[in-house]
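Let's take a friendly walk through this protein together. Please have the sequence and the 3D view open as you read.

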Amino acid sequence: MNTLAIITALLLGRSCTPTYGMKDEVPVAIFTGYAEAEADRIVGDYLVYEEGNCCKVRISREADGTYSGKVFWVENMLDPKTGEVLTDVKNPDKSLRDVPIDRIVLFSGMKYNAAKGIWDSAQIYHPVFGIKANATARFDTEGNLLIRGSVLGIGKTVSWKKL
């Protein structure tokens, strides 16, 4: 049985009968495990340089199977005038404006789209501009995570380096 037939059978939840006569069933769990492992490839810590800022972001898998990204380190996190930790003053949600910049949640609810090989279905927050944008993520050939945020068809892609 060719590879395409096996994958199709797995996707449809059917058993695969090899053409050489033996009746072996290929469990759907094999494909599910592969898809889950590929989806979890996004999990980890990333170094992000953008808009003259440097930070580290941790992407985690949540209990519901979605992914979230949270800042856990910022290079220049102290206000040069006061010495206090900077906060998320541009957040459109006023209740989050006191959150220290090294604890900002950038996105949550991101899902892996196995058919497209990307992560999507989430909005990403841009703390420098104080806006949320539709987000997608994918890896480039060098292993960097490319995060694309777009609003009304206008977007920007930023490369995050996995640590």
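Predicted model: local features only at pLDDT ≥ 70, side-chain atom pairs only at ≥ 80, totals over all residues.

The backbone nitrogen of Gly143 lies 3.0 Å from a polar atom of the Asp140 side chain.

Although Asp140 is buried, it has no salt bridge. The nearest side chain of opposite charge is that of Arg138, 6.7 Å away, and a salt bridge would need a side-chain nitrogen of Lys or Arg within 4 Å of a carboxyl oxygen.

Now step along to the aromatic rings. The structure holds three aromatic pairs. In one of them, the rings of Tyr112 and Trp119 have their centres 4.9 Å apart and their planes at 50 degrees, so this pair is tilted. In another, Trp119 meets Phe139: the ring centres are 5.6 Å apart and the planes stand at 80 degrees, so the pair is edge-to-face. This pair links distant parts of the chain, with Trp119 in strand 5 (residues 118-126) and Phe139 in strand 6 (residues 131-139), 20 residues apart. Together, Tyr112, Trp119 and Phe139 form one aromatic cluster.

Are Trp119 and Phe139 buried or exposed? Trp119 has a relative accessible area of 1%, so it is buried. Phe139 is buried as well, with a relative accessible area of 13%.

The charged end of Lys56 sits over the ring of Trp73, 5.0 Å from the ring centre. Arg58, in turn, lies over the face of Phe72, at 4.1 Å from the centre of that ring. If you like to inspect such arrangements by eye, pick out Lys56 with Trp73 and Arg58 with Phe72.

Finally, zoom out to the whole chain. The protein chain has two helices and eight strands, and from the N terminus on its elements run α-α-β-β-β-β-β-β-β-β. Of its 163 residues, 33% count as buried; Trp119, Phe139 and Asp140 are among the buried residues. Among contacts with a separation of 6 or more, 35% come from residues 24 or more positions apart.

Notes
Residues numbered from 1 in each chain as written. Heavy atoms only, no water. Phe/Tyr/Trp six-rings, centres within 6.5 Å; stacked < 30°, edge-to-face > 60°. Buried < 20%, exposed > 50% of the residue type's maximum accessible area, 1.4 Å probe, protein only. Helix = DSSP H or I, 4+ residues; strand = E, 2+ residues; numbered from the N terminus. Lys NZ or Arg CZ within 6 Å of the ring centre and 35° of its normal. Lys, Arg positive; Asp, Glu negative; His and termini not counted. Polar contact = N/O pair within 3.5 Å; in protein donor to acceptor, adjacent residues only side chain to side chain. Contact = heavy atoms within 4.5 Å.
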